[in-house]
Amino acid sequence: MSQISMTEQPNHHQIDLTQLDLEQLTELKHQLDRELAVFQDSLHSLKIAQSKFQESNESLDKLTPDAAGKEILVPLTGSMYVPGKLADTEKVLIDIGTGYYAEVTIPHAKEYFKRRIAYVTEQMEKIQVIGQEKNKIREAISDVIGMKLKSLQNEVVEQS
């Protein structure tokens with residue numbers, strides 16, 4: 001438990017935690033805390049993206065030929081809508097990123113959203129695996145810090 005490895009790196013590095021002093025261990029723990037916070041933020045952002053892609057995919061099911069000419073609310077912003085009429089139920093504009101849109105058929109849009117959902121899910125799984133390993137390393141560091149503090153406390157008691 002006193003040795004850690006970072007297996008996600010190409011070269012396998014091992015560090016004997018017992019050879020580090022308390023200051024080094026504390027700094028390493030703080031660094032891992034910061035990295036874990038970044039991973040959590042990334043997972044949160046990916047989860048939001050995943051939800052938006054799923055919502056868009058589900059919305060496509062409502063675009064049937066029967067819906068042509070029906071009134072809808074068209075979003076102008078996140079909280080402002082204007083009334084409109086559905087003119088074309090066979091094609092949609094999808095946001096493909098960085099301000100670019102593509103007009104595609106409903107089946108193509110569904111396929112696009114399925115691919116995006118799969119990609120985002122894959123990225124989330126990768127981040128979770130790395131985060132779990134870093135969390136294990138953080139726990140090992142905490143254990144070694146605890147052992148070193150207990151050892152120092154015992155030394156102080158013995159000297160008294």
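Me: Before we start, what makes two strands pair?
Reply: Two strands pair if DSSP finds at least two bridges between them. Strands (E, at least two residues) and helices (H or I, at least four) are DSSP runs, numbered from the N terminus.

Me: And what kind of model is this?
Reply: This is a predicted model: local features need pLDDT of at least 70, side-chain atom pairs count only at pLDDT 80 or more, and totals for chains, interfaces and linings use all residues. Residues are numbered from 1 along each chain as its sequence is written, and side-chain values use heavy atoms, with hydrogens and water left out.

Me: OK, S3 and S4. Parallel or antiparallel?
Reply: Antiparallel. Strand S3 (residues 71–75) pairs with strand S4 (residues 81–85) over five bridges. Val74 sits opposite Val82 in S4.

Me: How many residues between them?
Reply: Five; S3 and S4 form a hairpin.

Me: How many residues of S3 are buried?
Reply: Zero of its five, so S3 is hardly covered. Buried means under 20% relative accessible area, exposed over 50%, partly exposed in between (1.4 Å probe, protein chains only).

Me: Switching to aromatics. How many pairs?
Reply: Two aromatic pairs. The rule takes rings of Phe, Tyr and Trp (its six-membered ring) with centres within 6.5 Å; planes under 30 degrees apart are stacked, over 60 edge-to-face, the rest tilted. Phe53 and Phe113 make a tilted pair, 6.2 Å centre to centre with 40° between the planes.

Me: What does that pair tie together?
Reply: Phe53 lies in helix H1 (residues 22–60) and Phe113 in helix H2 (residues 106–159), so the pair ties together parts that are 60 residues apart in sequence.

Me: Why is Tyr112 with Phe113 edge-to-face?
Reply: Because their planes are at 70°, with ring centres 5.4 Å apart. Phe53, Tyr112 and Phe113 form one aromatic cluster.

Me: Buried or exposed, those three?
Reply: Buried. Phe53 is buried, Tyr112 has 13% relative accessibility and Phe113 has 7%.

Me: Now pockets. What volume has the largest?
Reply: About 870 Å³. On a 1 Å grid over the protein atoms alone, a pocket is an open set of points with protein on both sides within 12 Å along at least five of seven lines; lining residues have an atom within 4 Å of a point. The volume is the space filled by probe spheres (1.4 Å) set on the points.

Me: Which residues are closest to its centre?
Reply: Of the 19 lining residues, Ser56, Ser59, Leu63, Pro75 and Leu93.

Me: Which element gives the most to that lining?
Reply: H1, with six residues. S3 and strand S5 (91–97) each supply at least two.
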